[in-house]
Amino acid sequence: MKKLMKFILAAVAAFGIFALASQPANAATNKDGKNKVLIVYFSRTKEVYNGPLKVGNTKRIADDIQKRTGGTEYEIVPKKPYPNSYNKTTQVARREQQNNARPAIKNKLPNVKKYSTVFIGSPIWWSQYPMIIRTFMDKEPALNSSSKTIIPFTTAEGSGLGNTASTIKKAFPKAKTQKGFTVRGSQAASAQGKVNRWLKSLGY
Ligand SMILES: Cc1cc2nc3c(=O)[nH]c(=O)nc-3n(C[C@H](O)[C@H](O)[C@H](O)COP(=O)(O)O)c2cc1C
């Protein structure tokens, strides 16, 4: 009986240690229990190199970040949907860039004041963040603060992070930044391991 009790106690202790060890080092809540990580993303599910997709490539990475950090996701939804066709979307995106456009966001913006770390993710469009990300940045001046850390992530077919890090620096010169993450769109669905290694290197 004593042996059995010892075994049960040891098993409970081992499980406790395992449960603690599998927690992210820096869970996304602060002292008040409020979530402090925000994951902002824009992602298309329509036709793309490896599409049409059930879940957009960039949303896959946003979900991976959410799982590791316990943060809150915010999806940027365009008021005017982009075309289903990949080719047409490239044309619309090109025009938006040339016109320095700020396409409207359909959904309510998040209260960024509640968060200290904000990940901003999207596909790369013509080597940059799509202009709708710039709309988001313009509408969130509170992100330009030394109490905020802003981190880019992207999916792309060859352009990597493009100039997203410098776009963040330009828009929010007072904010801190950390190393971003990028993966080829077609590998986004199986990138959790890579995402976790990157987040670990940032302290999560
Ligand atoms: C309008 C448009 C422009 C694109 N421009 C680039 C580019 O310049 N460089 C690149 O590597 N991929 C480019 N791509 C590919 C996307 O970045 C890639 O397929 C991405 O994973 C799509 O992510 P999503 O499913 O989250 O929208 C472009 C795709 C679209 C639709």
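## Burial and overall fold

Of the chain's 204 residues, 38% count as buried, where buried means under 20% relative accessible area, exposed means over 50%, and partly exposed is in between (1.4 Å probe, protein chains only). Keep in mind that this is a predicted model, with local features needing pLDDT of at least 70 and side-chain atom pairs counting only at pLDDT 80 or more, while totals for chains, interfaces and linings use all residues. Residues are numbered from 1 along each chain as its sequence is written, and side-chain values use heavy atoms, with hydrogens and water left out.

The chain has six helices and six strands; these are DSSP runs numbered from the N terminus, with helices being H or I of at least four residues and strands E of at least two. Along the sequence they come in the order α-β-α-β-α-β-α-β-α-β-β-α.

## The ligand and its shell

The ligand has 23 residues around it, and S43, T58, I124, T155 and S159 come nearest; a residue counts as near if one of its heavy atoms lies within 4 Å. Helix α3 (86–98), α2 (57–69) and β4 (149–156) each put at least two residues into this shell, and α3 gives the most, with four. Sorted by class, the shell has ten nonpolar, eleven polar and two charged residues. For that sorting, Ala, Val, Leu, Ile, Met, Phe, Trp, Tyr, Cys and Pro are nonpolar, Asp, Glu, Lys and Arg are charged, and the others, Gly among them, are polar.

The backbone does some of the talking here. For S127, a backbone N or O atom is 2.9 Å from a ligand oxygen. The ligand taken alone exposes 640 Å², and the protein buries 95% of that; these areas come from the Shrake-Rupley method with a 1.4 Å probe, and for residues only the protein chains shown count as cover.

## Two positive phi values

S127 turns up again for its phi, a positive value near 70 degrees in a residue other than glycine. S127 sits in the loop between β3 and α4 (131–139) and is partly exposed, at 42% relative accessible area. N100 also has a positive phi, near 50 degrees. N100 belongs to the loop between α3 and β3 (117–123), and is partly exposed at 46%.

K59 pairs with D63, with the closest N and O atoms 2.9 Å apart; both lie in α2, four residues apart, about one turn of the helix. K59 also meets E73 in a salt bridge (3.2 Å, N to O). That pair links distant parts of the chain, from helix α2 to strand β2 (residues 72–75), 14 residues apart. Shared partners join K59, D63 and E73 into one network.

E96, in helix α3, is another story. E96 is buried yet has no salt bridge, and the nearest side chain of opposite charge, K80, is 7.4 Å away (Lys and Arg count as positive, Asp and Glu as negative; His and the chain ends are not counted). The E96 side chain does join that of Y82 in a polar contact of 2.8 Å, meaning a pair of N or O atoms within 3.5 Å; within protein, one must be able to donate a hydrogen and the other to accept it, and residues adjacent in sequence count only if both atoms are side-chain atoms.

Technical notes. A salt bridge is a side-chain nitrogen of Lys or Arg within 4 Å of a carboxyl oxygen of Asp or Glu.
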